[in-house]
Amino acid sequence: MRLALFEIHRGCLSPAQWYEDCRYDDAAKWLVFGLRPSRTCLDQFRDRVGPYLDQWNRSVLQTAQAEGRTPMKRAAMDGSFAASYASRHTPIKAKALAQRCQQLDAALAADFSPPAESPPEPAPAADPTPMVVHETQPCGNRFVEPVSAADPTPMVVHETQPCGNRFVEPVSAADPTPMVVDLAPQAGNAPEPAPTAQPTPAPTAEATSLSVTGPATVPALPATPAEKPSWMAKTPGGRFRQRQRYRRAQELIKKRQKQQKETMSRQAKAKRRSPERMKISLTDPEAPLGFDKTKVFRPLFNIQFACDLDSPFILGYDVFAAVTDANLLGPTLERTQELSGPMLEVVLNDNKYASILNLKLCDDLDITMYAPLPNSPSQPAGPVPSLGPPSVGPGGCGADPGRPAKQARLIPKSEFTWLPEAQTYRCPAGHLLVLQRRGTQQRTDGELVESQYRCPAEHCQACPLASRCTRSPQHGRIVKRSEHDDLYDALRQRMSQPEGRAVYRLRKQTVERQFADLKQHRSLRQFASFGLKRARIQVGLLVLAHNGLELLKARSQGADKATPSLQAG
């Protein structure tokens, strides 16, 4: 365990590197007392410590809290992507995957099927046909002359060993044409003796020229086995393991296609994408495909951290097979509670977490969230507003005449005032909106009840702000409000105060810096093994090494009191 934490802390995530260091690195030799564990032993050890990492991390955090070094009440949460160990060059679609599975099934059927047994030769029946065999050992002549009443065709075979001649002369009443096969050189065309002293080897039957007269049948060549494709494993055992991995990939891509189909059904037709276009990685099927921080499309995992605002400890962590931070706030909060104990009181998030349902979750758990204000979920943002006349280039040309001009952004929903007593909105021009209908909106993270308010058309048509407020004055401006929009208004009010902005500035000093340190100094830009389980083990070892060193550092400084809080700004 000392070796694993030492290697993880200095950025060596792969047991293969641990194996090399045990032989050539003096510090690693000292940690293992000169032992030389095999690479297989280190791989198996890495897998065996996985179930104990939660207990060890919990013990470190509880010790830090008991010594008064952290209250574990405030945390900054964020997520980041790390590339999977799989290659980014081999993703395929479901149709191609199904074809490969069929080829693997056929190859495995041929590999593991028992060999076809040849039928036993029937016992020779009593044949009254006389068989006369004359053999003369000195001259090597052999004569076989079967004579049968049912088949009067005689077969005469003459073999002469010294000269190597063979004559087969079938004579039949139906086909009286004789067939003569002469394997001996013709008279007068005898080859001259070779000039070398060594004798020339006798020619084989395939290399000997045949002179055939009469109707003869040429024997068919044996069929060569079909060549296997380059992607298929070379051994039966490798093909068996490959088929298991492909079967797992088929299950995952079908599940993801089903989820995407359900998600696309709730979106506009212009934004829908066909599930058949989805791809999957064959080397690591658990890793979804997405764009990482460098805009490279590859298999990756999503790492979530909850970093303490009052100490350098990491209070919670987890790794998810997801390409977005949506719907990950709840699981990360539960994970943080499992490791640190009490539920957090304050969390700092970015705008991706500030959704209506996440605010409702934090309200149910008595958690105060600080996050930037995203676009209202019930009122989509419009185009970017125009800041003036089109820019003129160096040649005196303006904007591209063939490109449509950008429309000005409409007045946002935040400019409409909510009246709790009247349960309606007042527009910037002072008109009251009328409740039109209520409905339920299905989302990926739950169900949301929305109310739709509309300004009467006669007000919008006579309003001087109509061109900036709506694109359909004849129908009137529409504003939607969910049943939990009061939580969104409270978040807007918190972030508008100086105290809220000062608290939120602590986020860049904690979780953002922690991700930068782990990626730059601990090599967490890419995992060193396949699968989600091993990815969680690697992150767990990193968190254990980080928290353990921070605890030892605090003790070495002789600080008996809690670590002072970070100053805002």
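**Salt bridges and burial in a predicted model**

Residues 24 or more positions apart supply 62% of the contacts (heavy atoms within 4.5 Å) in the chain with a separation of 6 or more. This is a predicted model: local features need pLDDT of at least 70, side-chain atom pairs count only at pLDDT 80 or more, and totals for chains, interfaces and linings use all residues. Residues are numbered from 1 along each chain as its sequence is written, and side-chain values use heavy atoms, with hydrogens and water left out.

Biologist: How many helices and strands does the chain have?

Modeller: Both are DSSP runs, numbered from the N terminus: helices are H or I with at least four residues, strands are E with at least two. On that basis the chain comes to 15 helices and 17 strands.

Biologist: What share of the residues in the chain is buried?

Modeller: Buried means under 20% relative accessible area, exposed over 50%, and partly exposed in between (1.4 Å probe, protein chains only). Accessible areas come from the Shrake-Rupley method with a 1.4 Å probe; for residues, only the protein chains shown count as cover. The chain exposes about 34,900 Å², with carbon and sulfur atoms supplying 55% of that area. Of the 569 residues, the buried share is 36%.

Biologist: How many salt bridges does the structure hold?

Modeller: The criterion is a side-chain nitrogen of Lys or Arg within 4 Å of a carboxyl oxygen of Asp or Glu. Some of these pairs join into a network, which links Glu 7, Arg 10, Asp 21 and Asp 25. The total is 25.

Biologist: How many residues apart in sequence are the parts that Asp 54 and Arg 335 tie together?

Modeller: Their side chains meet in a salt bridge at 2.6 Å, N to O. Asp 54 sits in helix α5 (residues 53–66) and Arg 335 in helix α8 (residues 329–340), so the parts joined are separated in sequence by 281 residues.

Biologist: What is the N to O distance between Arg 481 and Asp 489?

Modeller: Arg 481 is buried, with a relative accessible area of 10%. Asp 489 is partly exposed, at 30%. Their side chains form a salt bridge, N to O, at 3.6 Å.
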